[in-house]
Amino acid sequence: QVQLVESGGGLVQPGGSLRLSCAASGSIFSVDIMGWYRQAPGKQRALVARITSGGSTNYADSVKGRFTISRDNAKNTVYLQMNSLKVEDSAVYYCSTRVETTTYRYLALWGQGTLVTVSS
């Protein structure tokens with residue numbers, strides 16, 4: 001079974017930091033672009049950041065300069081370092097990617113989501 005497992009969410013005060021992790025596991029041959037999305041109550045899910053297998057990145061304007069996405073290709077893992085957190089960053093964060101399995105199938109995957117709450 002191929003899946004994404006996220007970790008690292010929680011409660012943090014404004015101005016604080018959190019690091020999210022997301023690991024792809026299972027019968028994986030290769031992992032394509034990896035991304036983080038977030039969904040706040042009453043809002044649509046939106047892209048936060050994404051990174052290619054070669055390390056090229058792009059970010060939502062609202063997080064530029066505060067969040068950093070990175071990946072470890074050997075571990076099929078993507079990270080999101082979130083600094084200078086604001087109340088409006090509170091949301092459920094999801095990772096997403098597309099993988100090629102060892103049986104040459106392409107699967108689009110979503111993690112289960114991890115809650116980030118920024119509050120004093």
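Does Thr 97 count as buried or exposed, and at what relative accessibility? In this predicted model, Thr 97 counts as buried because its relative accessibility is 4%, under the 20% cut-off.

## Around Thr 97

Thr 97 belongs to strand S9, which covers residues 91-101. A polar atom of the Thr 97 side chain lies 2.8 Å from the backbone oxygen of Ile 33.

If you set aside neighbours within four places in sequence, the contacts of Thr 97 include Val 31, Asp 32, Ile 33 and Met 34. Leu 4 is also in contact with Thr 97, as are Leu 107, Ala 108 and Leu 109.

## The nonpolar core

Let's turn to the core. The largest nonpolar core has 30 residues. Among those with the most contacts inside it are Trp 36, Phe 67, Met 82 and Tyr 93. Strand S9 supplies at least two residues of this core, and so does each of several other strands, including S3 (18-25), S4 (28-39) and S10 (106-110).

## The disulfide

The structure holds one disulfide. Cys 22 and Cys 95 form it, with their sulfur atoms 1.8 Å apart. Because Cys 22 lies in strand S3 and Cys 95 in strand S9, the pair ties together parts that are 73 residues apart in sequence.

The torsion about the S-S bond is about 50°, so this disulfide is right-handed. Cys 22 and Cys 95 are both buried.

## Charges over rings

Two arginines are worth a look here. Arg 19 has its charged end over the ring of Tyr 79, 4.1 Å from the ring's centre. Arg 45 lies over the face of Trp 110, at 4.7 Å from the ring centre.

How values were computed. Residues are numbered from 1 along each chain as its sequence is written. This is a predicted model: local features need pLDDT of at least 70, side-chain atom pairs count only at pLDDT 80 or more; totals for chains, interfaces and linings use all residues. Side-chain values use heavy atoms; hydrogens and water are left out. Helices (H or I, at least four residues) and strands (E, at least two) are DSSP runs, numbered from the N terminus. Buried means under 20% relative accessible area, exposed over 50%, partly exposed in between (1.4 Å probe, protein chains only). A polar contact is a pair of N or O atoms within 3.5 Å; within protein, one must be able to donate a hydrogen and the other to accept it, and residues adjacent in sequence count only if both atoms are side-chain atoms. Contact means heavy atoms within 4.5 Å. A nonpolar core is a set of buried Ala, Val, Leu, Ile, Met, Phe, Trp, Tyr and Cys residues joined through side-chain atoms within 4.5 Å. A charge sits over a ring if NZ of Lys or CZ of Arg is within 6 Å of the ring centre and within 35 degrees of the ring normal. A disulfide is a pair of cysteine sulfur atoms within 2.5 Å.
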